Amino acid sequence: MATHPLEPFRIKMVEPIAFPSREERLHIIQKAQYNVFRIPADAIWVDLLTDSGTGAMSQEQWAALMRADESYAGARSFQRFQEAVQSYTGKRFVLPVHQGRAAEKILAEALIQPGDAVISNTFFDTTVANFRAKGAVPIELPVQASAPDNPFQGNVDTEALRKTLKKLRNEGQRVALFTMTITNNSRGGQPVSMANLRATREILNEFDVPFHIDACRTSENAYFIKTFEDGYAGRTIEEIVRESLQLADIVTMSAKKDGLANIGGFIATDREDWVQTFSQYLVLWEGFLTYGGLAGRDLEAIAVGLRESLDERYLAYRVGQVRYLAEGLREQGVPVLWPPGGHAVYVDAGAWLPHIPAHEFPGQVLVIALYVEGGVRAVELGSLMFGKDRMVEKELVRLAIPRRVYTQSHLDHVLWTFQKVAEKRTALTGFRIIQEPPYLRHFLASLESIGGPYAP
Ligand code: F0G
């Protein structure tokens, strides 16, 4: 039996949840044309759409909000933010941005020339979209699915990286940068080992390619390093985070994840020449250098949140909660990516609903069933999301767990919902797209049910 970790907090402020009935939920999802992004949040029992910006703030964060300085330039809040980011990353220069993709856009504009290659263990969607928008050609080199007990399946394949860089050099192809996404969100939220980060640094030195780390979930990644990598058991999370990020030339972070904040992000680097260029774009698109599109109170929340994310007890609970849900599902016979990563459980809907072909979106079928049967909102990561832009290896559904928000009972409700869905599994039918936009279609697409229990 899976055991749930003890929450390292008690609840001081509560947010009520609404409980629309199954009949109401069926009506809501039909009206939303089977797109869960159209469901009003107060029609959801347990919302696992994303772990981004959905976390609960601590009493220290709320207290810091009251101390915020909203001066346009040189605010005290920026000083505190800068110190926190410097201490987290070990980097000297810090530029605030309103969220992760803004940092990616600035990076792309400053460092990429049209036609450049960019390489990664796996890019997150917004990262690759911003790099593509600047004319870059992306290459992804994740480690091939290895032994299921390998805890670092987010790694880059270093042998393939060296080969690729050699080949590109021989062809005279410029490589603008290498991005390591930690943890590797698009590959199951899997961690990256310190050995892999170090080996990557050495290879990039050889080929003179800048090393970019997308650091959204570096605290969670550090917990995996401490737990599973030789030589790290006695190190603090803070030391491991800094050691990881020190290897990079440039760090970008969406603070909506391990920043434990509801909005915000940053760019950090030691390269003075780059900072000049980044600063110009920052002022143009985000705001002045000391607020970057954020309120002083956001800067304060991030400064405190970054430090709180280094608390080992919190991380044990966080990663333990993800594992609890993954183990519970596995015990029920639901196929999940294994081992579970740091922020979400990824269900292999294609394997669980083998009677639904990829072009009828088995992931979306599961997402809709979870909502109708239990009011649970998840997100499809399969042919609906990627079908037009990327090779789809697996029809996945992600159950992302917001930080410090849900308790064991909420997760038990999710497990119960899967049981309900399992009872109807063979009667479920696919979907067809009736309307879609040209980019990022999953956000705005409309679908219809091909018969089945959820058709009008
Ligand atoms: N990089 C990674 C690895 C991410 O997971 C995200 C966001 C971003 C960059 C972009 O940050 O949203 O602040 O602009 N991921 C969210 C998710 C949206 O649901 O996984 P942002």
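Buried area is the accessible area (1.4 Å probe) that two parts lose on being put together, summed over both. Keep that in mind for this tour of a predicted model.

Start by colouring the two domains. The domain assignment gives domain 1 as 22–51 + 311–449 and domain 2 as 59–308. Where they touch, domain 1 puts in 24 residues and domain 2 puts in 32. Their C-alpha centres sit 27 Å apart.

Now show the surface where the two domains meet. Domain 1 and domain 2 bury about 2100 Å² between them, and 50% of that is on carbon and sulfur atoms.

Across the interface of domain 1 and domain 2 you can look for 7 salt bridges, and 15 residue pairs are in polar contact, both partners at pLDDT 80 or more. Which elements give two or more residues to the side of domain 1 that touches domain 2? Select α12 (312–331) and α15 (383–386): those are the ones. Of that side, α12 supplies the largest share, 6 residues.

Then zoom in on Arg403 and Asp258. Their side chains meet in a salt bridge, 3.3 Å from N to O.

Last stop: select residues 408–424, helix α16. At 1.5 Å a residue, its 17 residues should span 24 Å, and the end C-alpha atoms are 25 Å apart, so the two agree. Now pick out the buried residues of α16: Leu411, His413, Val414, Leu415, Thr417, Phe418 and Val421. As you look down the axis, remember that an α-helix has 3.6 residues a turn, so residues three or four places apart point the same way.

How values were computed
Residues numbered from 1 in each chain as written. Predicted model: local features only at pLDDT ≥ 70, side-chain atom pairs only at ≥ 80, totals over all residues. Heavy atoms only, no water. Helix = DSSP H or I, 4+ residues; strand = E, 2+ residues; numbered from the N terminus. Expected span 1.5 Å × (residues − 1). Buried < 20%, exposed > 50% of the residue type's maximum accessible area, 1.4 Å probe, protein only. Domains from an automatic or database assignment. Contact = heavy atoms within 4.5 Å. Salt bridge = Lys/Arg side-chain N within 4 Å of Asp/Glu carboxyl O. Polar contact = N/O pair within 3.5 Å; in protein donor to acceptor, adjacent residues only side chain to side chain.
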